[in-house]
Amino acid sequence: RRIESGTKVRPARVRYQNGAILRSAEGVRTTLDLDGLEAPVIVAVAEGGPVRLPLIEAKKRVPDEALAQITEVVASYSTPFKPSQRDRSMNLRTASQQLDGVVLMPGETLSFNETVGKRTVENGYREAIVFEEGRQTPGVGGGICQVSSTLYNAALYANMEIVQRRNHSIPVPYVSLGRDATVYWGAVDLVLKNSFATPIAVSADYQPGRLTFRILGRKTPGQKVE
């Protein structure tokens, strides 16, 4: 029997910066071994000393050796935006930061909505133009679909499995027709799956006027995606 620590553990992250792949290992999570607790308690009571708790290091979701397998850029995709649209630009930056560095083990999926979170003022999002039922209208989190669409295209070129994806009701200016992926909290999601035998990571690069997503991992020899 074990009791797991309630402390939130730092997740593993892999990012692309200035041409280099930067890895950050997952934090250590410990569990208390209840079956091994009786003996040290008896000793402590008898001797009047401290109790030496039997702690066991829990298995990591992303082992350190798995991070070492992420060695190169498998695919990338960029889209332009106008930095002068400050509220919209801030939304792009806020959402892309939530996705930057996320690691997926083989078979795992990434939900855009679950990863980015609800688009609210409290979560740092601002009001900007959104596409809704074929119209352009102001809404909190406007511009978020450019983030999901940029990620979607990077995933396509990486040959990831697309589990869920829906296009907008009207064409959007930042990607070609049919290459967009709309999202809406609680209703429409973009879900991607790591269908490879090795781990991959999502890297986001926000620069004034350009948003880039890279899928990091290991390329499949001889594979070319068009």
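## Contact between helix 3 and helix 5

Arg 88, Asn 91, Leu 92, Ala 95, Ser 96 and Leu 99 of helix 3 are in contact with Ile 144, Gln 146, Val 147 and Leu 151 of helix 5. Contact here means heavy atoms within 4.5 Å; helices (H or I, at least four residues) and strands (E, at least two) are DSSP runs numbered from the N terminus. Sorted by class, this contact has 6 nonpolar, 3 polar and 1 charged residues. Ala, Val, Leu, Ile, Met, Phe, Trp, Tyr, Cys and Pro count as nonpolar, Asp, Glu, Lys and Arg as charged, and the others, Gly among them, as polar.

This is a predicted model, in which local features need pLDDT of at least 70 and side-chain atom pairs count only at pLDDT 80 or more, while totals for chains, interfaces and linings use all residues. Residues are numbered from 1 along each chain as its sequence is written, and side-chain values use heavy atoms, with hydrogens and water left out.

## Geometry of the helix pair

The axes of helix 3 (residues 86–99) and helix 5 (residues 144–157) come within 8 Å and cross at roughly 45°. Axes are lines fitted to C-alpha atoms, for helices over the stretch in contact, and angles run from 0 to 180 degrees between N-to-C directions. Helix 3 and helix 5 are therefore oblique to each other; angles under 35 degrees count as roughly parallel, over 145 as roughly antiparallel, 65 to 115 as roughly perpendicular and the rest as oblique.

## The largest pocket

The largest pocket has a volume of about 940 Å³. A pocket is an open set of points on a 1 Å grid over the protein atoms alone, where a 1.4 Å probe fits, with protein on both sides within 12 Å along at least five of seven lines; lining residues have an atom within 4 Å of a point. A volume is the space filled by probe spheres set on the points, which are joined across faces, edges and corners.

The lining consists of 34 residues, and Ile 129, Val 130, Phe 131, Cys 145 and His 168 are the closest to the centre. Strand 10 provides the largest share of this lining, 5 residues.

## The second largest pocket

The second largest pocket has a volume of about 340 Å³. Among its 17 lining residues, Pro 11, Arg 13, Arg 61, Val 102 and Val 103 lie nearest the centre. Strand 8 gives the most to this lining, with 3 residues.
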